[in-house]
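User: I am new to reading protein models and would like to go through one feature at a time. Could you give me the general idea first, and then the case in the structure?

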There are 2 protein chains.
Amino acid sequence: MANITKKVSWSSRGDEPAPAGEGTPLLNGAGGAARSYSRQFSGSGIFQIGRLSTVDLEEDPAPEESAISRPKEIPHNEKLLSLKYESLDYDNSENQLFLEEERRMSYMGFRCLEISRWVVCALIGILTGLIACFIDIVVENLAGLKYKVIKENIEKFTEAGGLSISLILWAFLNSVIVMMGAIIVAFFEPIAAGSGIPQIKCYLNGVKIPRVVRLKTLVVKVCGVICSVAGGLAVGKVGELLHHALSNGLMSSLVDVGSLTPLSQQIFEYFRRDTEKRDFVSAGAAAGVSAAFGAPVGGVLFSLEEGASFWNQMLTWRIFFASMISTFTLNFFLSIYHNKTGELSNPGLINFGRFDSDSVEYNLYEIPLFICMGALGGLLGALFNVLNYWLTIFRIRYIHRPCLQVMEAMLVAAVTATVSFAMIYFSDDCQPLGEDQAENYPLQLFCADGEYNSMATAFFNTPERSVRSLFHNPPGSYNPPTLGVFTLTYFFLACWTYGLTVSAGVFIPSLLIGAAWGRLFGIMLAHITPYGSYHDTSKHSPPSSGGIVRMTLSLTVILVEATGNVTYGFPIMLVLMTAKIVGDYFVEGLYDIHIKLQSVPFLHWEAPATSHALTAREVMSSPVTCFNRVEKVGTIVDVLSNTSTNHNGFPVVTRVMDDDEPGKICGLILRSQLIVLLKHKVFVERTRSRLNQRKLQLKDFRDAYPRFPPIQSIHVSQDERECMMDLTEFMNPTPYTVTQETSLPRVFKLFRALGLRHLVVVDSENRVVGLVTRKDLARYHLGKHGLEELQLAQT
Amino acid sequence: MANITKKVSWSSRGDEPAPAGEGTPLLNGAGGAARSYSRQFSGSGIFQIGRLSTVDLEEDPAPEESAISRPKEIPHNEKLLSLKYESLDYDNSENQLFLEEERRMSYMGFRCLEISRWVVCALIGILTGLIACFIDIVVENLAGLKYKVIKENIEKFTEAGGLSISLILWAFLNSVIVMMGAIIVAFFEPIAAGSGIPQIKCYLNGVKIPRVVRLKTLVVKVCGVICSVAGGLAVGKVGELLHHALSNGLMSSLVDVGSLTPLSQQIFEYFRRDTEKRDFVSAGAAAGVSAAFGAPVGGVLFSLEEGASFWNQMLTWRIFFASMISTFTLNFFLSIYHNKTGELSNPGLINFGRFDSDSVEYNLYEIPLFICMGALGGLLGALFNVLNYWLTIFRIRYIHRPCLQVMEAMLVAAVTATVSFAMIYFSDDCQPLGEDQAENYPLQLFCADGEYNSMATAFFNTPERSVRSLFHNPPGSYNPPTLGVFTLTYFFLACWTYGLTVSAGVFIPSLLIGAAWGRLFGIMLAHITPYGSYHDTSKHSPPSSGGIVRMTLSLTVILVEATGNVTYGFPIMLVLMTAKIVGDYFVEGLYDIHIKLQSVPFLHWEAPATSHALTAREVMSSPVTCFNRVEKVGTIVDVLSNTSTNHNGFPVVTRVMDDDEPGKICGLILRSQLIVLLKHKVFVERTRSRLNQRKLQLKDFRDAYPRFPPIQSIHVSQDERECMMDLTEFMNPTPYTVTQETSLPRVFKLFRALGLRHLVVVDSENRVVGLVTRKDLARYHLGKHGLEELQLAQT
């Protein structure tokens, strides 16, 4: 053990590769990045941004100043990849401790584990259902109260003539409620902003989004959503919320609570790793969708479409189970709330009401119409996305302070109220009050007695109810100008709203736009063709939503399940598919745009088609920081403490005689594992006697999961620095490796299919020559002009 | 290049590992295998078979004789794995030719490829729809004709008293029709027998089932199904057929036809590999289900549940597209056939009719009932499976000659007719003829005028129509004894029928049993509880089917889509899930049983839970036959011609000085590639001048796909034997490797996730020490007493 103190000399990056500071112009090139935005809009097309090369940035005259003045702009560039995101460890580190534990476990032990997985899924389902129920009831009551107050006020002032006071009241109420929501989001948990679908997509893709899986996020999200929906914003109540917050926060708290009770401790402790957590998050996402739309199958499909690379049949069934339970729980408690205890036929939160089978039959001649609708929907969606993209860029540049964000949210709320009011005020579309009282708050306004203002059904209501009215109100309930104006206004309002610092989604608004527009289309058709308008009223709703969001399969199933009618499945598919194809031609889906703008290293399903020319040699990052099998504590502490290279994984190599030559790979160890080892001082002295006698258990690693302490919090004395650490027992002795000649698609396939975090590149002698991480692969993407390479940047 | 002629001395198996003949007792131990059957039934439980160890077999007194007398028995043992099945090559061999081609291809080229994939999927959809339409129309007419003749005959003899003549006529007609179907299946294409789902499951799992993807199989299957359904057997018309024959045969013929037309040649040629073929087969399977049940989403889910390990989003959409097209085509042509051109609302072949939303609402108190039904269904399913398992074993042992098989099929047809006739004859359950004429052939028999025999609605009809009658006939249409007797009889008939040498599935029969039994259950409930029987009529149908087949998710969606009612989704799920859990406790699903009995090396989703103790070292087969990078032609020919070791993949190694030591891995080459090389005589002389000047193209390999000539057909002269062959350009230079210490679950995960065929095991110096193939992994499975190891056997 003479040479053991030898310092490993070839140092480089681990999971977080680029050394910060010097050498990476982007880090102090905020001005450059900012400039690239402006250039981009003067370019030939929306996304034809000039490639952000190093040269571009070095031209920047005063990078330092601009970096100081606008510190928040840098990461939000779609031509950059942020280094702050880590990968999840979907690949178990099969070290000796792990294998010993697995081997000790009996068949019965595995059965128990399996059963407890089902139990956890059931709990996730129940809690999701309960929370959905809670949100529904609170929103309903809060919005009901608000609309009642405003309605009374309007009625009071309609005759008296002071309707501007009603307007101010309405705008004020909206602003105050939205402000509360925005404040908790902006100041307490910014990650809870937005719809949550981008986050869950990233998580299922394997990216660790900080603070997403927290109980705090869940609480903020729930409150935020209640406020933004009750505040009258053009947002969806549940569509998006549930996917994300519930699943994640719930699962995390479940596992954490589970480890508190001694009885369940043993079982739940086993689940404290990314592999199991991912499965529960999938289940949570499915349960969320299921509760939101009463669509258990749609929920499962959603989980599948986003995270299918790690799929397996048992998991499917568990996810399905969670979905069923959550729908059931929601229905059960809502049936109690509505005093119809036990009547379970009423599906999810968003109930579009039943469609009569006869009314939705369709005929061959309608197929071209569906395709037209789909194409138009795709165009509309693309327009929405482009507008929202510009808006988001604007927000990133100018509205990044929390108080500004809150003010913007309040402004939107007030404008929404004002616009709605103006719409209602100037509308002269009066309709007779029906028998069935479909409208909760029929506004008479200037209409004759026994009539109501039909514009108000659309604006003076929560979006869910508006959708239902648009689907089901009898023919003639709306006249074309009303619908046209409504569609247009709502389109811009929804576009402005998405991306605000409030918790809310875009699903329901897009559906509402689609429904209004579809009805308009139907009426127009009825004017042109000899067919009546009735059967066209509810047929053309989905395109807009498909154009914006682009989830064909799960969206179809969700819509089919939510409308309760299967006959209508085929047209929905057709429309959605056309919308997707047309929309994709112009611009990506809304969620993908937002993921790109966050510079998340998102791995797509396959490597770019034209990337066969690249091999692991070009893709990998090298040189690599390696450790010896028995390494000096001081070296390890130094490497871990080096803030400029925030590595997360280190190949372990066997000693070689020659210092210059890389060592042969014999394992892989993670930063988190090293930190636990340092914390427990698992050192051997030069004489090889153990300093710490207690043998480290897998439990010690699990207890630290998922919040490993930073290296700075661990004190290592000067004496200890001279000790050695034997990594043999703790490293993963069989990491996946590829040779340098492996083509990028092959590396990609391996990486993606197995959900890896680090992939070691070796030469023919099994010597470590590089390391491939998520960012190395996500860098390459197919632009309009062939393969492009994104830049990496420290945030 | 002096040492180049050195013969590689460590010889062993490739894809087909065990050397035949000596050393493997099972190969001449047929008596042993047979004996193990008898032991198995005297054992403690149905599946608690004493482990078939080598010792057991060596005790056998006269293995040779029994092997000769009963040669067909050996492979059909669930404790054996057959060596005759190969893996599909889901992993592209990324050799130099391949990479060059990919690099040459422009971005537009890839776009064209993508578009032509969509075109192929559309064609698959259209053809599937057309064939489904054809089957439907032919069966309807043929069965209609048959029932009309018999009905007239019965009516003639009811008064005259010679009803035995009617019986004979009926039995005779059935037998003749079934005989035709059985003959073409038994003599022309035995693989077309059965439902086809086990085959498609295996194919999607990655097992190459010989002759499954052929046009001939398709034709036989279509004719066979028409005969068996028209012949009155207790089988389903389309449920299963379509999955299989259409997808496979169609795709294959499509690609083959495509390569005939010069225009499309270039495009379709690219698809001549297993990776692309698998995608088209998935699409075909989905399109088949979609057409059969009018359930496009169910079809996609079916494909997913069976083959999800190779999933990706673009593929999902293509599959979805194919499903949509096939439903559409079917509907369109059926609407023309039924003179309602253009009315497309009518879904798939199996139309259960619309359920009125109101009649299928359910309440909390029904949940326990659903669970009960599910549990009973699971039990019933398990019983069905066990009975069928015994029957299959019996068939394997005694009915393996084609003429015997045809006779058995005729017998079953005659018995079915007789039993049906007896049932109708002895039934005194008369019902008044409804207005709506739901019955196509209402038999009056001994009933009063204006009434019909209700037993006849169930037996005197194709199964699809019977299911519809059971679902929809008004309350009181059947009395309990009728239903009870029908359920019982049909249960045994269906059980006897499944596994006959006719093309037919078990899906519809199981649904029919479920429907009859569910209705019985409903009536009984109505007697016990104060609730009316009406709303219970159609609620309890799916459990039996779920108990037998066990595909929870896709089955739910299929049923929901086929019944056209979403409200009812949750109870269906609940029932199916319970049935699955209960059924799984006793015995596997029917398809899994049949796959096991065929000794197919089927890879499950995960490695057995308790297999962490095993490493690649124990699992791999070694020693391995390797080739040098530049190998003597004679050596290659000898190795390939060695019939005892029918290897399919060979690691290519770099030369080493010492003969005893294994070489360093530098590539992997397949038998098929070597055969193409030999055929084109790509030899270099000792002087390294090429004999054959033409550079081999990837096209040459594709042209040979998928029916590579056997090595015997290639003549290599003695001179040529002395030449060398340079494999560098053709081998896959970057095969996936693992080290010897890798645990079995880790090896399994890599193998399964990437769809590998050969996985090379290397030591720390990158020297080849073993090879892992599908059979090495499929050998280990979890029995009742922990991990068991199956034996490998040559067929």
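Analyst: Let us begin with burial: a residue is called buried if 20 or more other C-beta atoms lie within 10 Å of its own, exposed if 12 or fewer do, and partly exposed in between, with the C-beta atoms placed from the backbone. Helices (H or I, at least four residues) and strands (E, at least two) are DSSP runs, numbered from the N terminus. This is a predicted model, in which local features need pLDDT of at least 70 and side-chain atom pairs count only at pLDDT 80 or more, while totals for chains, interfaces and linings use all residues. Residues are numbered from 1 along each chain as its sequence is written, and chains are lettered from A and ligands numbered from 1 in the order in which they are written.

User: Which residues of H8(B) are buried?

Analyst: The buried residues of H8(B) are Thr217(B), Leu218(B), Val220(B), Lys221(B), Val222(B), Gly224(B), Val225(B), Ile226(B), Cys227(B), Ser228(B), Val229(B) and Ala230(B). Because 12 of its 16 residues are buried, H8(B) is largely enclosed by the rest of the structure.

User: What is the phi of Ser599(A), and where does Ser599(A) lie?

Analyst: As a general idea, most residues other than glycine have a negative phi, and most peptide bonds are trans. Ser599(A), although not a glycine, has a positive phi of about 60 degrees, and it lies in the loop between helix H23 (590–597) and H24 of chain A. Ser599(A) counts as buried because it has 25 C-beta neighbours inside 10 Å. In chain B, Ser599(B) has a positive phi near 55 degrees, is found in the loop between helix H23 (590–597) and H24 of that chain, and is buried, with 25 other C-beta atoms within 10 Å.

User: Which peptide bonds are cis?

Analyst: In chain A, the peptide bond from Ser622(A) to Pro623(A) is cis, with omega near -5 degrees, and Pro623(A) is found in the loop between helix H24 (616–619) and strand E6 (627–628). In chain B, a cis peptide bond joins Ser622(B) and Pro623(B), with omega about -5 degrees, and Pro623(B) has its place in the loop between helix H24 (616–619) and E6 of chain B.

User: In what order do the strands of the open sheet in chain B stand?

Analyst: Two strands pair if DSSP finds at least two bridges between them. In chain B, 3 strands form an open sheet in the order E6-E8-E9, and the pairing is mixed. E6 and E9 of chain B stand at the edges, each with a single partner strand, so one side of each is left without a neighbour in the sheet. E6(B), residues 627–628, runs parallel to E8(B) and is joined to it by 2 bridges, with Asn628(B) standing opposite Val653(B) of E8(B). E8(B), residues 649–654, is mostly covered, with 5 of its 6 residues buried.

User: How many residues lie between E14(A) and E15(A) in their hairpin?

Analyst: The hairpin formed by E14(A) and E15(A) has 2 residues between the strands. E14(A), residues 780–783, and E15(A), residues 786–789, run antiparallel and are joined by 4 bridges, and Gly783(A) has Gly786(A) in E15(A) as its bridge partner.

User: What does the secondary structure of chain A come to?

Analyst: Chain A has 30 helices and 16 strands, and buried residues make up 56% of its 795 residues. Two residues are in contact if their C-beta atoms, placed from the backbone, lie within 7 Å. Among contacts in chain A between residues at least 6 apart in sequence, 80% join residues at least 24 apart.
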